[in-house]
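I opened the model today to look up a few local features. My notes follow in the order I made them.

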Amino acid sequence: MKITGLKTFIVGNPPPRRGGRYFIFLKLVTDNGIEGVGEVYTASFAPDVVVAMIEDVFQRNVEGNDPFHIETFWRRAYTRGYSGRPDISLMGVMSGIEMAMWDICGKAVDKPVYDLLGGCVHERLRSYTYLYADADIDAYAYTDPSNDVYNNADVAAERALHYVNQGFTAVKFDPAGPYTAFDPHMPSLERMDISERFCRKIREAVGNRADLLFGTHGQFTTSGAIRMARRLEPFDPLWFEEPCPPEMPEEMAKIARSTKVPIATGERLTTKYEFARVLELGAASILQMALGRVGGLLEAKKIAGMAEAHYAQIAPHLYCGPIEGAANVQISACSPNFLILESIEQWGGFHSDILVKPMQFEDGFVIPPKEPGLGVELNEEVALANPYATDDGLHIAPSENHAAWND
């Protein structure tokens, strides 16, 4: 069996656009007609540029090769052009291609990918969601203060209880203020007050029915994150996410040593090499690899194994489309040290429409599919009916104005 064809899809994510402005999907086709689907999570360039990258890697490192030779593909692509180091855009491209190769392999032997990576050890996957407004408000055009789940603690507490009543046993929220091109910065007293208020209100609303996941995006200095963590400790959150930028895990380790709140990180990290530094330094005990960026399923499995040896857990990150989400499900199902899986609500709306068959969600848990491969199929008709205008902005981007710290 050889890989002979490639299809790519830049899909606009319609309002409320939860999971990003667009999704980049691909399909690999073999000479015996098996198709494998993947998703690329690369936000540093416009999506049409990313498609050109996908095509280049396909032509040089994939076309004509056996889809089972995943290690060989990975090493050749990783070192192409005398690189041989973590490159977040190349790793996104490699991740989407690699998961499509696994999808083909699973279909070829009629097994889910998790059965090819050690077998299913979790038949139900505990899940969490970010807090979203109770209306289909565009995530990139928030204008209604009365429905502002990001800045109004009372609204956030109401939404947290709403999700807990759906069966979620954890909710994530991010009241700590904007992240910008000029980070890291010291949090203001106002933002620390708001963050503490969010934790208090949400804890009062959900009691001990759900864990609190305090999300940030690496916007704080080391000392600023330590100050913020002290405000959070009385509410016993399950984690403090990416408290400082990802370049220096040595600094994140200082935060981890200074607080009782577990540190989670990893959505902007790629490869076993970057995660190894996090583990060796004790910078985090919860690893949040994003399968469409980290290097693919096999790389994620290696990272999960390293984490297991350090008594650390994995909680795959999702701010992307449901194909990456499906890969997250596969790695979670076969990893003994799985903690919790990020969902975007109950995988409904467009995240359901873009799949031939939606993910199975029951009372706060995702049920790993028994279908072969990744267990999902892209609805090409829906994908083609929702093109993205590539001049409408990147998938997600920080503010370019440091004055946003005071917003």
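I call a residue buried under 20% relative accessible area, exposed over 50%, and partly exposed in between (1.4 Å probe, protein chains only). This is a predicted model, so I note that local features need pLDDT of at least 70, side-chain atom pairs count only at pLDDT 80 or more, and totals for chains, interfaces and linings use all residues. Residues are numbered from 1 along each chain as its sequence is written, and side-chain values use heavy atoms, with hydrogens and water left out.

**Entry: salt bridges**

I took the general idea first: side chains of opposite charge can pair when their charged atoms come close. My rule for a salt bridge is a side-chain nitrogen of Lys or Arg within 4 Å of a carboxyl oxygen of Asp or Glu. By this rule I get 23 salt bridges.

Which residue pairs with glutamate 241 in a salt bridge? The partner is lysine 172, with the closest N and O atoms 2.9 Å apart. Glutamate 241 sits in strand 7 (residues 239-241) and lysine 172 in strand 5 (residues 170-173), so the pair ties together parts that are 69 residues apart in sequence. Helices (H or I, at least four residues) and strands (E, at least two) are DSSP runs, numbered from the N terminus. Are the two partners buried or exposed? Glutamate 241 is buried, at 1% relative accessible area. Lysine 172 is buried as well, at 0%.

Next I looked up lysine 357 and glutamate 371, whose side chains meet in a salt bridge at 2.7 Å, N to O. Lysine 357 is in the loop between helix 12 (350-353) and strand 12 (360-362), and glutamate 371 is in the loop between strand 13 (365-367) and helix 13 (380-384), so the pair ties together parts that are 14 residues apart in sequence. Glutamate 371 is partly exposed, at 30% relative accessibility.

Salt bridges that share partners also join Lys7, Lys27, Glu35 and Glu380 into one network. Within it I checked glutamate 35 and lysine 27, which meet at 3.2 Å, N to O. Glutamate 35 is partly exposed, with 24% relative accessible area. Lysine 27 is buried, at 5%.

**Entry: backbone**

Where are the cis peptide bonds that I noted? One joins proline 15 and proline 16, with omega about 15°. Proline 16 is in the loop between strand 1 (3-12) and strand 2 (22-30). Another joins aspartate 183 and proline 184, with omega about 10°. Proline 184 is in the loop between strand 5 and helix 6 (189-206).

I then turned to positive phi. Aspartate 110 has a phi of about 60° although it is not a glycine. Aspartate 110 lies in the loop between helix 3 and helix 4 (113-116), and is exposed at 57% relative accessibility. Glutamate 345, also not a glycine, has a positive phi of about 55°. Glutamate 345 is in the loop between strand 11 (341-343) and helix 12.

**Entry: second largest pocket**

Rolling a probe the size of a water molecule over the atoms shows where empty space is left. On a 1 Å grid over the protein atoms alone, a pocket is an open set of points where a 1.4 Å probe fits, with protein on both sides within 12 Å along at least five of seven lines; lining residues have an atom within 4 Å of a point.

The second largest pocket has a volume of about 230 Å³, a volume being the space filled by probe spheres set on the points, which are joined across faces, edges and corners. How many residues line this pocket? There are 16, and Pro16, Glu345, Gly348, Gly349 and Phe350 lie nearest its centre. Pro16 is the cis-bonded proline above, and Glu345 has the positive phi.

**Entry: two distances**

Proline 358 is in the loop between helix 12 and strand 12, and is partly exposed at 41%. Its C-alpha is 9.8 Å from that of glycine 375, 17 residues away along the chain. Leucine 131 is buried, at 2% relative accessibility. Leucine 131 and lysine 301 are 170 residues apart in sequence and 29 Å apart in space, C-alpha to C-alpha.
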